[in-house]
Amino acid sequence: MCVFCDILAGKIACSMVHENENVCAFLDISPVNYGHTLVVPRKHYENMHEIPEEVLMDVIKVVKKVAQSLKDNLDIQGFNIFQNNGIVAGQVVPHLHFHVIPRNDKDGLKHWTGGRYGDGDELEILNKIKF
Amino acid sequence: MDCIFCKIINQDIPGYKVYENDKVVAFFDILPISPGHTIIAPKNHVADLEDLSEADFSAMAIAVKKIGKAVMEGLGVKGYSLFLDNKSAANQHVPHVHFHLVPREEGDGLERWPSSGYGEGEAEDCLQKIKANL
């Protein structure tokens, strides 16, 4: 059973922000900041690999609209969009979803920090990925 | 144009390019959160998501799907995180809209942000504000 499928089927209540034929957006019940919204395809796809390109395009359009609405209607200074693929990436619900998280200058959320590649490492990694 | 991403896209400064098509370029972040950390940006210079066309944003998402597959297969990782920071309050450093694709591994120590529940009536209040123009 998938909790998002249950929400979309109306078996579990949610605060629906927006819905259309293929996509739904609802408030995360455990928000990082108020207004934290999840955007999901109605059909169950686990991750970015599984979702067909045309459905992904439908989802991404709603992500953009939700972000605009958060910016226009909440007192915020920015937003983050997050999407995790796989348990190792912190994906908790195995039904593809984008998080749209409102941000304030003083919300204190810490960002992941980067480091530098060692000599030659960057090219070695690139050659494994490039296409 | 004084945008560092535009310079990379135009090859005025070097970058490790992962993928390119007519709308989108993907290249390595020089300060990687994990090896293979890739930036996906539209060729058009647009600072914020609000000003990006749906066509460009869709092209970025389709590119992510392809690059994510290549990263997982090439590096043998079991997942990746994707994020977009919009405005400085959200940690956007380069004002040229972009996704970060970060390969993930078990025990990499990258934590999710803490979250909590809404108080009585707060979710309804929040919902009404957001729904106003959707």
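The paragraphs below go through a predicted model, starting with chain B and moving on to its contact with chain A and the sheet to which both chains contribute strands.

Chain B contains three helices and five strands. In sequence order they follow the pattern α-β-β-β-α-β-β-α. The C-alpha trace of the chain spans about 55 × 40 × 25 Å along its principal axes. Of the 134 residues in chain B, 41% are buried. Among contacts in this chain with a separation of 6 or more, 56% are between residues 24 or more positions apart.

The buried residues of H2(B) include B:Phe57, B:Met60, B:Val64, B:Ile67, B:Val71 and B:Met72. Also buried in this helix are B:Ser58 and B:Gly68. Just after H2(B), B:Gly76 takes a positive phi of about 70°.

In soluble globular proteins, nonpolar side chains tend to be buried together. The largest nonpolar core in this model has 69 residues. Residues from both chains are among those with the most contacts inside this core: A:Val39, A:Val63 and A:Val100 from chain A, and B:Ile40 and B:Val64 from chain B. B:Val64 belongs to H2(B) and is buried. Leaving aside neighbours within four places in sequence, B:Val64 is in contact with B:Ile40, B:Leu82, B:Phe99 and B:Leu101, and also with A:Met48 from the other chain.

The contact between the chains takes 61 residues from chain B and 60 residues from chain A. On the side of chain B that touches chain A, the elements giving two or more residues are strand E1 (17-20), H2, strand E4 (79-86) and helix H3 (122-131). H2(B) gives the most to this side, with 13 residues. By residue type, this side of chain B divides into 31 nonpolar, 15 polar and 15 charged.

Strand pairing also joins the two chains. Strand E4 of chain A, residues 78-85, runs antiparallel to E4(B), and seven bridges join the two strands. One of the bridge pairs is A:Asn80 with B:Asp85. How many strands make up the open sheet, and in what order do they lie? There are 10, with antiparallel pairing, in the order E1(A)-E2(A)-E3(A)-E5(A)-E4(A)-E4(B)-E5(B)-E3(B)-E2(B)-E1(B). E1 of chain A and E1 of chain B stand at the edges, each with a single partner strand, so one side of each has no neighbour in the sheet. Direction ignored, neighbouring strands of this sheet are turned by 20° against each other on average.

The chain A end of the sheet can be followed strand by strand. E1(A), residues 16-19, and E2(A), residues 23-27, run antiparallel and are joined by three bridges. They form a hairpin with three residues between them. Across this pair, A:His18 has A:Ala25 in E2(A) as its bridge partner. E2(A) in turn pairs with E3(A), residues 37-41, in the antiparallel sense over five bridges. Here A:Phe26 stands opposite A:Leu38 in E3(A).

How values were computed: Residues are numbered from 1 along each chain as its sequence is written. Chains are lettered from A and ligands numbered from 1 in the order in which they are written. This is a predicted model: local features need pLDDT of at least 70, side-chain atom pairs count only at pLDDT 80 or more; totals for chains, interfaces and linings use all residues. Helices (H or I, at least four residues) and strands (E, at least two) are DSSP runs, numbered from the N terminus. A residue is buried if 20 or more other C-beta atoms lie within 10 Å of its own, exposed if 12 or fewer, and partly exposed in between; C-beta atoms are placed from the backbone. Two residues are in contact if their C-beta atoms, placed from the backbone, lie within 7 Å. A nonpolar core is a set of buried Ala, Val, Leu, Ile, Met, Phe, Trp, Tyr and Cys residues joined through C-beta atoms within 7 Å. Ala, Val, Leu, Ile, Met, Phe, Trp, Tyr, Cys and Pro count as nonpolar, Asp, Glu, Lys and Arg as charged, and the others, Gly among them, as polar. Two strands pair if DSSP finds at least two bridges between them. Axes are lines fitted to C-alpha atoms, for helices over the stretch in contact, and angles run from 0 to 180 degrees between N-to-C directions.
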